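Subject: Structure handover

Hello,

Here is the structure you will be taking over. My notes follow it.

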Amino acid sequence: MDINMIKDILPHRYPFLLVDRVKEMTDKKIIALKNVTMNEEFFLGHFPEDPVMPGVLIIEALAQAGGILAFQFYSEEDKKNAKVYFMAIDNAKFRKPVVPGDQLILEVEVVKRKRDVWKLKGEAKVDGHVVCEAEFMAMVQR
């Protein structure tokens, strides 16, 4: 799935669209990627002399990948009107800084689903090493 297909699913736009491509997706798991470049607006202030991607944005990238995964179960009409809201973030851990030039591999899997409430577990990796992991819950409001 390329960026144009992702934009058809997610309502986010630059500078807040944090998934560049979906490499693989089943009904239980998604593997997506985010290319981290020096052109990202958040690097202007985080931190100009030693740019590091904010951890909350890594979690947001995982959540957006999870949204793509969840949205495959909804009709086109529901997708157009749907909004996804965070309900909880648990066990978030940051292992290593993410810097310009890194490619984040976002792996998210469904832990549980009850109607429009999703519990997901995700890992973000750079060069095969986990840089962030978290469990999160989200609600799709239609």
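A salt bridge here means a side-chain nitrogen of Lys or Arg within 4 Å of a carboxyl oxygen of Asp or Glu. Please keep in mind that this is a predicted model.

By that criterion, E107 and K125 form a salt bridge, with their closest N and O atoms 3.6 Å apart. E107 belongs to strand β4 and K125 to strand β5, so this pair ties together parts that are 18 residues apart in sequence. E107 also meets K29 in a salt bridge, at 3.8 Å from N to O. With a relative accessible area of 17%, E107 is buried, whereas K29, at 33%, counts as partly exposed. K29, E107, E123 and K125 are linked in a network of salt bridges.

The structure holds eight salt bridges. Another of them joins R142 to D116, with the closest N and O atoms 3.2 Å apart. R142 lies in the segment after β6 and D116 in the loop between β4 and β5, so the pair ties together parts that are 26 residues apart in sequence. R142 counts as exposed because its relative accessibility is 53%; D116, at 17%, counts as buried.

Now the sheet. It is open and has six strands in the order β1-β2-β4-β5-β6-β3, with antiparallel pairing. Its edge strands are β1 (21-25) and β3, each of which pairs on one side only. On average, neighbouring strands are turned by 25° against each other, direction ignored. Helix α2 (residues 55-71) packs on this sheet and touches β1, β2, β3, β4, β5 and β6, its direction making about 55° with that of β4.

Some details of the pairing:

- β2 (residues 29-35) and β4 (residues 103-114) are joined by seven bridges, and I31 has E107 as its bridge partner in β4.
- β5 (residues 117-126) and β6 are joined by 10 bridges, with V126 standing opposite H129. These two strands form a hairpin with two residues between them, and D127 in the turn has a positive phi of about 50°.
- β3 (residues 83-94) and β6 (residues 129-141) pair over nine bridges, and Y85 has M139 as its bridge partner in β6.

Y85 and M139 turn up again on the surface: together with M87 they form a nonpolar patch with about 260 Å² of accessible area. M87 is in strand β3 and, at 44% relative accessibility, counts as partly exposed.

Regards

Notes: Residues are numbered from 1 along each chain as its sequence is written. This is a predicted model: local features need pLDDT of at least 70, side-chain atom pairs count only at pLDDT 80 or more; totals for chains, interfaces and linings use all residues. Side-chain values use heavy atoms; hydrogens and water are left out. Two strands pair if DSSP finds at least two bridges between them. Helices (H or I, at least four residues) and strands (E, at least two) are DSSP runs, numbered from the N terminus. Axes are lines fitted to C-alpha atoms, for helices over the stretch in contact, and angles run from 0 to 180 degrees between N-to-C directions. Contact means heavy atoms within 4.5 Å. Patches are made of residues with over 30% relative accessible area and no salt bridge: like charges are joined within 9 Å, nonpolar side chains (Val, Leu, Ile, Met, Phe, Trp, Tyr) within 5 Å. Accessible areas come from the Shrake-Rupley method with a 1.4 Å probe; for residues, only the protein chains shown count as cover. Buried means under 20% relative accessible area, exposed over 50%, partly exposed in between (1.4 Å probe, protein chains only).
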